Each structure stands twice: as C-alpha cells, then as structure tokens.
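Dear colleague,

Please find below the structure that I am handing over to you.

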Amino acid sequence: MTHCKYCNLPIDFDDEHTSRSGKRIPLDADTRQPHDCIARPRPRKKTTECHNCRQEIFFSPDRRNPATGKLIPQDIFGNHKCISRLENW
Ligand SMILES: [Zn+2]
Ligand SMILES: [Zn+2]
C-alpha cells in the first residue's frame, strides 16, 4: 500500500486512471476516486512587497540575473524597475 507523501492517506494507482500526459494518477484507496489531496502544496505565485517602493513584486525561478544567479524581482510589467533601485538590488 502506498501512502500519499503529503497527507499520508492510503492511495493506489491503476492503469485506467491516467493523466493527459499518460502518467498514472493517485487514487483514494477506498473510493477509487482521484486523490484530491488536501495537503499537497499547490503552486502559487508568491507575491511580496518591494522594500523600496512598496510595489507588489514576485520572483520567478526562470528569471535570474545570468551574471549573479540571483532572482530578479518581477512586477506585472516584467523586471521590476524600482524607483529606488540604485540604493539596492
Ligand atoms: Zn494526499
Ligand atoms: Zn521597488
């Protein structure tokens, strides 16, 4: 018996329940319904606040400064062009 690594409930797999990409999806072991995990972390855009201009910003793992490898702060327009950027970043 497999247990969900997130909520620890018993889960099962079978060949009739596959995702669009062909992967077998976890099922609740007792109901045979797709396991809708309550504990699984869902990808969610984490926003934060620029500590200089207070604008809402977020970080995207594929937006890095190629020179430093550091994440580049993003806002809804793209790379965050902070009005106070000369002080930091
Ligand atoms: Zn689960
Ligand atoms: Zn800013």
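The notes below go from the chain as a whole to its sheet and then to individual loop residues.

Please bear in mind throughout that this is a predicted model.

Overall composition

The chain contains 7 strands and 0 helices. The chain has 89 residues, of which 6% count as buried. As for contacts with a separation of 6 or more, 22% of them are made by residues 24 or more positions apart.

The sheet

An open sheet is formed by 3 strands, in the order E1-E2-E3, with antiparallel pairing. Its edge strands are E1, covering 2-3, and E3, covering 27-28, and each of these pairs on one side only. Between E1 and strand E2 (residues 10-12) there are 2 bridges in the antiparallel sense. Opposite His-3 stands Pro-10, a residue of E2.

The loop between E3 and E4

Two residues may be of interest to you here. Arg-32 lies in the loop that runs between E3 and strand E4 (47-49). Although Arg-32 is not a glycine, its phi is positive, at about 60°. Is Arg-32 buried or exposed? Arg-32 counts as exposed because it has 12 C-beta neighbours inside 10 Å, and a residue with 12 or fewer falls in that class.

Cys-37 is also found in the loop between E3 and E4. With 16 other C-beta atoms within 10 Å, Cys-37 is partly exposed, because that class lies between the limit of 12 or fewer for exposed residues and that of 20 or more for buried ones. Which residues does Cys-37 touch, leaving aside those up to four places away in sequence? They are Cys-4, Tyr-6 and Cys-7. The C-alpha atoms of Cys-37 and Lys-5 are 9.9 Å apart, while the two residues are 32 residues apart in sequence.

The loop between E4 and E5

Arg-54 is located in the loop between E4 and E5. Its phi is near 70°, which is a positive value in a residue other than glycine. Arg-54 is exposed, since 9 other C-beta atoms lie within 10 Å.

The loop between E5 and E6

Ser-60 lies in the loop between E5 and E6. Asp-62 lies in the loop between strand E5 (56-58) and strand E6 (74-75). Ser-60 counts as exposed because it has 11 C-beta neighbours inside 10 Å. Asp-62 is exposed, with 5 other C-beta atoms within 10 Å.

For both residues there is a C-alpha separation from Ile-72 to report. Ser-60 and Ile-72 are 12 residues apart in sequence, and their C-alpha atoms are 7.7 Å apart in space. Asp-62 and Ile-72 are 10 residues apart along the chain, with 9.2 Å between their C-alpha atoms.

In brief

The chain has 7 strands and 0 helices, and 3 of the strands form the open antiparallel sheet E1-E2-E3. Positive phi values in residues other than glycine include those of Arg-32 and Arg-54.

With kind regards

Terms used. Residues are numbered from 1 along each chain as its sequence is written. Chains are lettered from A and ligands numbered from 1 in the order in which they are written. This is a predicted model: local features need pLDDT of at least 70, side-chain atom pairs count only at pLDDT 80 or more; totals for chains, interfaces and linings use all residues. Two strands pair if DSSP finds at least two bridges between them. Helices (H or I, at least four residues) and strands (E, at least two) are DSSP runs, numbered from the N terminus. Two residues are in contact if their C-beta atoms, placed from the backbone, lie within 7 Å.
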